[in-house]
Amino acid sequence: MSLLTVEGVVSGYGEMQVLRGVDLRVEDGEIVSIVGPNGAGKSTVMKLIFGLIKPWEGRVTFAGEDISGMAPEQIVRRGLCYVPQVDNVFPTLTVEENLEMGAYILDEPLKARKERIFELFPRLAERRNQRAGKMSGGERQMVAMGRALMLDPKLLMLDEPSAGLAPLLVDLIFEKVAEINETGVAVLMVEQNAKRSLELAHRGYVLATGKNQVEGPGAQLLGDPEVARLYLGG
Amino acid sequence: MVGARPLPRSRALRRAVSSVLGSRWSLVGLLALIALVIVLASSAQGVSGTRMLGLVVRGVLLGGVLALGALGVTLVHGVLKMANFAHGDYMTLGAYLALAIMSVLPPGRSVFGLGFGYEFLVALVLVMPLVGLVAYGLDRVTFRRLRQRRSAPVMMAMAALGVAFGIRSIVYMVFGADFAFYYQGRPRPVVELFSGVRVRTDQLFILAFSLALIVLVYLLLERSKVGKAMRAMADNPDLARISGIPTERVVFWTWMVGGALAGAGGMLYGLDVQLRPEMGWWLLLPLFASVILGTIGNVYGALLGAFTIGIVWQVSTAFVNPAYGPAAAFVVMILALLVRPQGLMGGGR
């Protein structure tokens with residue numbers, strides 16, 4: 001049984017159809033990357049999985065349970081956490097408070113969980129009392145990822161984690177994604193940096209015009225002329 | 001292109017000037033200037049220093065009451081993104097609910113050298129959660145539906161006005177249009193604060209109680225889980241949902257806190273002055289003036305704004321008819337916004 005499956009999903013915003021039949025799956029412990037041109041519906045897939053928009057057709061299951069149409073607070077309880085691309089921190093809250101918000105549903109002391117995030121991102125430990133809004137883009141991305149990891153999710157969804165970051169920070173973020181994955185967390189990410197993210201991913205999907213066109217192991221997709229035509233080179 | 005050269009320099013200059021003019025310190029400077037003008041005008045008009053000091057003290061007292069209302073306005077605006085024009089009437093409701101509760105309790109003697117007995121304190125303890133529950137109940141039947149339909153802010157404001165009129169009409173029907181007092185004909189003990197400035201012990205209680213509530217709100221927002229979630233929702237409501245924060249529960253606590261503070265504020269205002277069905281309605285403009293002066297949505301700004309507006313309101317009565325007090329407060333707000341549109345605590349620039 002796959003950890004996450006998306007089957008025949010059609011959806012959009014209001015009257016506008018964006019997804020025209022998307023199928024994908026994530027297995028336990030995998031890194032899966034969705035690449036594709038702008039406007040292909042990559043971010044929309046993420047929002048749909050997380051219940052922020054509803055499927056018109058098709059369904060989403062997580063660990064065997066149908067989660068299409070569930071509220072986010074129910075979804076995070078099941079071990080699926082999400083980092084949006086933009087506005088992914090609480091700017092006037094401190095780093096530590098941002099992390100606490102990620103585990104709001106737990107009625108237990110959060111000290112040990114916070115310390116684990118600080119071990120993963122030592123940079124944040126130094127700045128735990130700083131307001132997230134005053135931090136650099138890379139640090140904010142770490143806060144956002146840390147917040148989503150507070151619940152020890154089985155699957156972490158990242159929407160364009162490297163967007164707008166300096167090359168050195170892009171390296172750091174991809175390293176951290178690999179590190180997180182090594183602890184057993186499956187990762188589903190959307191990336192415009194197709195080459196880097198396919199190198200890292202176990203499997204990838206190429207999404208174009210609201211459908212997934214090609215699926216395969218990351219390295220294979222990178223060498224596929226069809227992928228190059230659709231997206232990478234085309 | 002040579003001729004175009006001086007342009008960037010003048011633009012930089014203009015930007016520098018406007019950033020100085022729009023800074024927080026220039027607003028503080030403006031307020032200081034207003035204070036100076038008031039002091040000069042008072043000496044020119046022969047208003048005694050003691051009287052001015054007395055008015056400032058009264059302004060601080062009024063500021064405490066305004067702060068209780070303003071905190072609720074700014075919290076509700078932060079979490080729910082709506083201008084709650086019914087907030088003043090929640091204060092009226094608190095004041096009259098207390099009157100009803102006190103009328104069924106056996107009257108007691110005055111306690112601790114104050115002008116009121118145990119029954120006022122009992123009413124205070126009961127009224128605060130009651131107004132909170134009413135505020136949440138009204139949200140469920142009116143504002144929540146509009147939020148779910150993503151109605152325009154102006155619709156929300158109109159709905160709030162409707163709620164305000166509704167509450168006031170009920171107060172008129174039940175209690176009548178006349179003034180009312182919690183205690184009639186009871187002596188109200190007075191103490192001398194500094195030489196020549198005398199205040200009633202009740203007023204010291206009012207200030208102490210408002211300050212205590214303000215400290216509690218501070219602790220709630222900075223230390224408690226639900227308080228942090230309120231700030232998180234004010235910051236970024238979508239991310240709050242994505243993080244799994246049960247937003248409806250946070251909305252409940254926002255109304256409970258805002259309503260409780262309004263109820264207490266209304267009771268304290270009624271104790272200091274008198275009860276009238278439109279008492280809270282007339283506080284609405286000063287409340288919004290306080291909140292906007294301090295940057296809407298910012299809790300500490302609301303406090304700063306409330307005390308500023310309270311003092312200006314009272315001090316202005318040395319020069320103009322006391323009925324214009326709230327208007328004087330509003331003029332200060334407008335002047336302040338001309339200098340710094342985002343208010344005292346606003347970001348940017």
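**View 1. Helix α10 of chain B is mostly covered, with 20 of its 26 residues buried.** A residue is buried if 20 or more other C-beta atoms lie within 10 Å of its own, exposed if 12 or fewer, and partly exposed in between, with C-beta atoms placed from the backbone. α10(B) runs over residues 247–272 and reaches 37 Å from its first C-alpha to its last, close to the 38 Å expected at 1.5 Å a residue. The expected span is 1.5 Å times one less than the number of residues in the helix. Helices (H or I, at least four residues) and strands (E, at least two) are DSSP runs, numbered from the N terminus. This is a predicted model, in which local features need pLDDT of at least 70 and side-chain atom pairs count only at pLDDT 80 or more, while totals for chains, interfaces and linings use all residues. Residues are numbered from 1 along each chain as its sequence is written, and chains are lettered from A and ligands numbered from 1 in the order in which they are written.

**View 2. Strands β1 and β2 of chain B form a hairpin.** β1(B), residues 190–194, and β2(B), residues 197–200, run antiparallel and are joined by four bridges; strands pair if DSSP finds at least two bridges between them. Glu192(B) stands opposite Arg198(B) of β2(B). Two residues lie between the strands, and Gly196(B) takes a positive phi near 85°.

**View 3. Chain A touches chain B.** The contact takes 20 residues from chain A and 14 residues from chain B, where two residues are in contact if their C-beta atoms, placed from the backbone, lie within 7 Å. On the chain A side, the elements giving two or more residues are α2 (72–77) and α3 (95–102). By class, this side of chain A has eleven nonpolar, three polar and six charged residues. Ala, Val, Leu, Ile, Met, Phe, Trp, Tyr, Cys and Pro count as nonpolar, Asp, Glu, Lys and Arg as charged, and the others, Gly among them, as polar.

**View 4. Chain A is divided into domain 1 (1–79 + 154–160 + 186–234) and domain 2 (83–152).** The bounds come from an automatic or database domain assignment. The C-alpha centres of the two domains of chain A lie 25 Å apart. Their contact takes nine residues from domain 1 and seven residues from domain 2. On the domain 1 side, α2 and β7 (155–159) of chain A each give two or more residues, and β7(A) supplies the largest share, four residues.

**View 5. Pro122(A) is found in helix α5 (residues 122–126) of chain A.** Pro122(A) counts as exposed because it has 9 C-beta neighbours inside 10 Å. Pro122(A) and Leu4(A) are 118 residues apart in sequence and 31 Å apart in space, C-alpha to C-alpha.
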